[in-house]
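Hello,

Here is the structure for you to look at. My notes follow below it.

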Amino acid sequence: MSVEQPLRYAYLGPEGTFTEAALLALPEAGSVEAVPCPTVPSALDAVRRGECAAAVVAMESSVEGAVTATIDELASGEPLIIVRELLLSVSFALLVRPGTALEDIKTVASHPVAEPQCRRWLGENLPDARWEAATSNAHAARQVQDGVYDAALAGSFAAARYGLTVLAEPVHDFAGAQTRFVLVTRPGSVPPPTGVDKTSITVGLRDNHPGELMEILEQFATRGVNLCRIESRPTGEGMGRYFFFIDCEGHIADARVGEALMGLRRSSANMRFLGSYPRADGQPPAMRFGTSDEEFAAAHAWLDEARGGGSA
């Protein structure tokens with residue numbers, strides 16, 4: 001009798017990252033195998049190759065903004081779909097080898113997204129220390145364990161994993177910081193609408209004519225679809241060539257969202273649907289008069305009657 005193997009979820013490792021903490025916060029965490037990967041692209045590629053069923057990756061920091069490695073990979077790599085998001089409160093600690101004092105620290109390592117969240121604290125408390133980039137905060141902690149660096153900015157939960165001591169906590173410039181993580185799978189069935197959903201896409205400019213960005217935004221505005229976020233990213237094809245990452249309120253199954261996406265598909269370049277999924281904050285969409293599914297259905301019924309020669 002064969003024993004069913006647990007689903008494997010990839011994440012940015014090694015053990016002790018905030019991404020692992022986000023994975024462990026998923027409802028199904030107790031029944032999946034967590035697979036650490038050295039980079040965000042390698043975690044996503046593990047899903048693309050079928051080695052893992054899903055990946056948890058950071059999408060956005062409330063302090064530093066976009067995690068560009070995630071956005072660029074979702075926009076340009078083999079298609080993947082976001083099926084869930086979650087928000088994780090992030091608080092850093094300064095981890096050192098036992099016996100290290102503040103005045104002993106000459107180098108501090110962390111993931112590049114962490115450093116801007118602690119820049120003022122570092123300037124005030126370690127003005128002469130040099131910051132070094134690591135592939136993750138847990139990797140920085142491992143390098144402190146190995147003697148490569150004197151200190152790491154990481155979650156305090158990573159200290160025991162790497163035999164380190166928490167020298168200072170909390171370490172941050174902004175209290176209450178959060179990071180948005182998403183669960184990504186290979187394309188398949190879109191999660192059903194919940195009424196508190198978000199849709200993510202990327203879209204490019206077709207020929208960069210005057211007003212083209214406004215035309216993209218009008219596809220949403222005329223249908224009453226509120227944008228949660230829009231961000232430009234370079235395509236890599238030359239200076240001045242950009243695509244846009246967009247989060248909007250609602251689900252692709254909603255008439256207003258579906259029609260906005262159809263409009264973009266007709267008029268814009270390289271549009272990619274990245275998923276419709278429940279919002280982590282449970283915030284319902286802003287709805288204005290004339291944009292509900294019922295009102296769209298009534299308008300379609302009127303058009304059908306008018307086309308058929310009725311008394312519309």
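Start with Ser 136. Leaving out residues up to four places away in sequence, Ser 136 touches Leu 12, Gly 13, Pro 14, Thr 17 and His 111; contact means heavy atoms within 4.5 Å. Ser 136 sits in the loop between strand S8 (130–133) and helix H5 (137–145). Helices (H or I, at least four residues) and strands (E, at least two) are DSSP runs, numbered from the N terminus. Ser 136 is buried, at 1% relative accessible area; buried means under 20% (1.4 Å probe, protein chains only).

A word on the source. This is a predicted model: local features need pLDDT of at least 70, side-chain atom pairs count only at pLDDT 80 or more, and totals for chains, interfaces and linings use all residues. Residues are numbered from 1 along each chain as its sequence is written, and side-chain values use heavy atoms, without hydrogens and water.

Now the pockets. A pocket is an open set of points on a 1 Å grid over the protein atoms alone, where a 1.4 Å probe fits, with protein on both sides within 12 Å along at least five of seven lines; lining residues have an atom within 4 Å of a point. Volume is the space filled by probe spheres set on the points, which are joined across faces, edges and corners.

The largest pocket has a volume of about 400 Å³. Its lining has 20 residues; Thr 235, Glu 237, Tyr 242, Phe 243 and Asn 270 lie nearest the centre.

The second largest pocket holds about 220 Å³. Its lining has 15 residues, with Glu 60, Glu 85, Leu 87, Arg 180 and Lys 198 nearest the centre. Strand S11 gives the most to this lining, three residues.

Regards

Technical notes: Buried < 20%, exposed > 50% of the residue type's maximum accessible area, 1.4 Å probe, protein only.
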